[in-house]
Amino acid sequence: MPTVDVFQTLKTTLVEQFELDPAKITPEARLQEDLDLDSIDAVDMIIRLQEITGRKVSPEDFREVRTVGDVQRVIEKLLAARAAPA
Amino acid sequence: MLRRVVVTGMGGLTALGHDWTNIEANLRARRSGVRRMSEWDAYPDLNSRLAAPCAPFNLPEHYNRRATRSMGRVALLSTRATELALEDAGLLKHPVLTSGRTGIAYGACAGSAEPVITFGRMVTSGNLQGVTSNTYVQMMSHTGAVNISLFFGITGRIIPATSACTSGSQAVGFAYETIKYGKQTVMIAGGAEELSLGPTAVFDTLFATSTRNDAPHTTPRPFDRDRDGLVVGEGAATLILEELEHARTRGARIYAEVIGFGTNSDGSHITQPEADTMARVMQLALEDCELPPAAIGYVNAHGTATARGDIAESLATNRVLGKRMPISSLKSYFGHTLGACGSLEAWLSIAMMRDNWFAPTLNLDNLDPACAELDYLTGEGRSFEAEYIMSNNFAFGGINTSLIFRRWDGLMPA
């Protein structure tokens, strides 16, 4: 999945799941301070993304996520791992 | 007229034994009850493979089919722990139990898991296979309290103290108030939790479980810089609370006096702790017994080893009780026993107070700089006398509790 599609999928997911204003969702947007997502929202978002990507987010990856861009990078990493030959 | 409330019996089933002698030996030997659950390797989505299951225990013959048909494991743990405590109190078969003057305050996070599966299957498949007359009773959240009542013929009031991690401590607190305000003479108070995948999965989903799967004895690590989450434990603990004059009249052994209880809620976030309201609950307990903070000799912490919980708790404790307050978390030994922890930790804190020795927090090698300054007991623990001790617990939904116990030497008051 090319980079721009990951961001669009993520944006659509965030808008639908959390009733967010699409204009606020930029790579620099901070989940907590800018999008008003708390820790429970972060968990629910991760669960949704795990369903979409079919891959598991590790606790370490989860703890590093602060911005929408961070989430995008985690998804890309997971998808690349899935695509890589065994 | 307010009554005085004393503890005349204590008992339980734990990962480190089922009586104080054995438990204390394990605490002093710094032996952890945590182990790797290889059974859970069958669940690849689960990050944590750790738990502290209850040590095996035998049941006397009178736990026959008829007596236990309405009990899943959590009810069984509740009942047997209560029997040990009643035996300890010298109240087994005592007429006060069935007189209507004895009540129960008991809880757990949930009823048993197996009947939940049966009910779930019924809802999704439409067929009632497996649903029996006892399925609901085993599954209902107050299954422990009700089964204790049936088993011992208790006819007083039942307080279903089912508030997740504060079930056991709310049970003790509400039982204390019940006797204090003259509503019952004796109260069976405590909590339990059976080990099942559910609670671990819940915390796992929140990324709050420890994943040191290959080093079980190094976790959980309350207040430690390198802590990585909690470990779920299993067990049950019961305190027998009794009105003081009734205890004296029958010549009961008195372990401690229950003198203060505070409980409140954060009213803010479903899982994130709030230091302000945690501090307030400790103040409420102190106000309840009109004690100054400096009178407390030791605090038994909730100390689950989550990133946020430990910090909030240490800040609240430091603010109310000061930086020189001795404190330790028994969850470092038993894991987080959920519904049982409030009463388990109260039992063991009272026992430690009587022995003039307080256990350390295991695995506390490097204090997290984000945790407030307190006198964290480490190493071999510490021998000292305390006149008053406090035991705190904080649960999901922001429910907080604080209990204060006073030392009792001999049968006569100080």
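What follows is a chat about a predicted model with chains A and B.

Student: Is this predicted or experimental, and how should I treat it?

Tutor: The model is predicted, and side-chain atom pairs count only at pLDDT 80 or more.

Student: Start with the interface. How many residues of chain A are in contact with chain B?

Tutor: On chain A, 12 residues are in contact with 11 residues of chain B. About 960 Å² is buried between chain A and chain B, and carbon and sulfur atoms give 65% of that area.

Student: How many salt bridges between chain A and chain B?

Tutor: The count is 0 salt bridges between chain A and chain B. For polar contacts across the interface of chain A and chain B, the rule finds 1 residue pair, with both residues at pLDDT 80 or more.

Student: Which elements give two or more residues to the side of chain A that touches chain B?

Tutor: Those are helix 2 (39-53) and helix 3 (59-64) of chain A. Helix 2 of chain A gives the most, with 5 residues. By class, that side of chain A has 7 nonpolar, 2 polar and 3 charged residues.

Student: Now the inside. Which residues of the largest nonpolar core touch the most other members?

Tutor: The largest nonpolar core has 46 residues, and B:Leu27, B:Leu241, B:Phe334, B:Ile350, B:Phe358 and B:Phe405 touch the most other members. Helix 13 (residues 341-355) of chain B supplies the largest share of this core, 8 residues. Another core, of 28 residues, lies apart from it, and includes B:Ala285, B:Leu291, B:Ile296 and B:Met325.

Student: What does the side chain of B:Thr238 make a polar contact with?

Tutor: With the side chain of B:Thr82, at 3.0 Å. Leaving aside neighbours within four places in sequence, B:Thr238 is also in contact with other residues, among them B:Gly9, B:Met10, B:Ser78, B:Tyr106 and B:Ile188.

Student: How many salt bridges does the structure hold over all chains?

Tutor: There are 28 salt bridges over all chains. One of the pairs is B:Asp368 with B:Arg227, where the closest N and O atoms are 2.9 Å apart.

Student: Where do B:Asp368 and B:Arg227 lie?

Tutor: B:Asp368 is in the loop between strand 12 (357-358) and strand 13 (375-376) of chain B, and B:Arg227 is in the loop between helix 8 (197-205) and strand 7 (232-233) of chain B, so the pair ties together parts 141 residues apart in sequence. Both B:Asp368 and B:Arg227 are buried.

Student: And B:Arg406, which residue does its side chain meet in a salt bridge?

Tutor: B:Glu257, at 3.2 Å from N to O. B:Arg406 is in strand 16 (residues 399-407) and B:Glu257 in strand 9 (residues 256-265) of chain B, 149 residues apart. B:Arg406 and B:Glu257 are both buried. A network of salt bridges links B:Arg4, B:Glu257, B:Glu387 and B:Arg406.

Student: What about B:Arg35 and B:Glu39, how far apart are the closest N and O atoms?

Tutor: They are 3.1 Å apart, in a salt bridge. B:Arg35 is partly exposed, with a relative accessible area of 35%, and B:Glu39 is partly exposed at 44%.

Student: Last topic, backbone. Which residues does a cis peptide bond join?

Tutor: B:Thr219 and B:Pro220, with omega about 5°. B:Pro220 is in the loop between helix 8 and strand 7 of chain B.

Student: What is phi for B:Phe207?

Tutor: Phi of B:Phe207 is positive, about 55°, although the residue is not a glycine. B:Phe207 is in the loop between helix 8 and strand 7 of chain B, and is buried with a relative accessible area of 10%.

Student: And phi of B:Asn363?

Tutor: Near 65°, a positive value in a residue other than glycine. B:Asn363 is in the loop between strand 12 and strand 13 of chain B, and counts as buried at 10% relative accessible area.

How values were computed: Residues are numbered from 1 along each chain as its sequence is written. Chains are lettered from A and ligands numbered from 1 in the order in which they are written. This is a predicted model: local features need pLDDT of at least 70, side-chain atom pairs count only at pLDDT 80 or more; totals for chains, interfaces and linings use all residues. Side-chain values use heavy atoms; hydrogens and water are left out. Contact means heavy atoms within 4.5 Å. Buried area is the accessible area (1.4 Å probe) that two parts lose on being put together, summed over both. A salt bridge is a side-chain nitrogen of Lys or Arg within 4 Å of a carboxyl oxygen of Asp or Glu. A polar contact is a pair of N or O atoms within 3.5 Å; within protein, one must be able to donate a hydrogen and the other to accept it, and residues adjacent in sequence count only if both atoms are side-chain atoms. Helices (H or I, at least four residues) and strands (E, at least two) are DSSP runs, numbered from the N terminus. Ala, Val, Leu, Ile, Met, Phe, Trp, Tyr, Cys and Pro count as nonpolar, Asp, Glu, Lys and Arg as charged, and the others, Gly among them, as polar. A nonpolar core is a set of buried Ala, Val, Leu, Ile, Met, Phe, Trp, Tyr and Cys residues joined through side-chain atoms within 4.5 Å. Buried means under 20% relative accessible area, exposed over 50%, partly exposed in between (1.4 Å probe, protein chains only).
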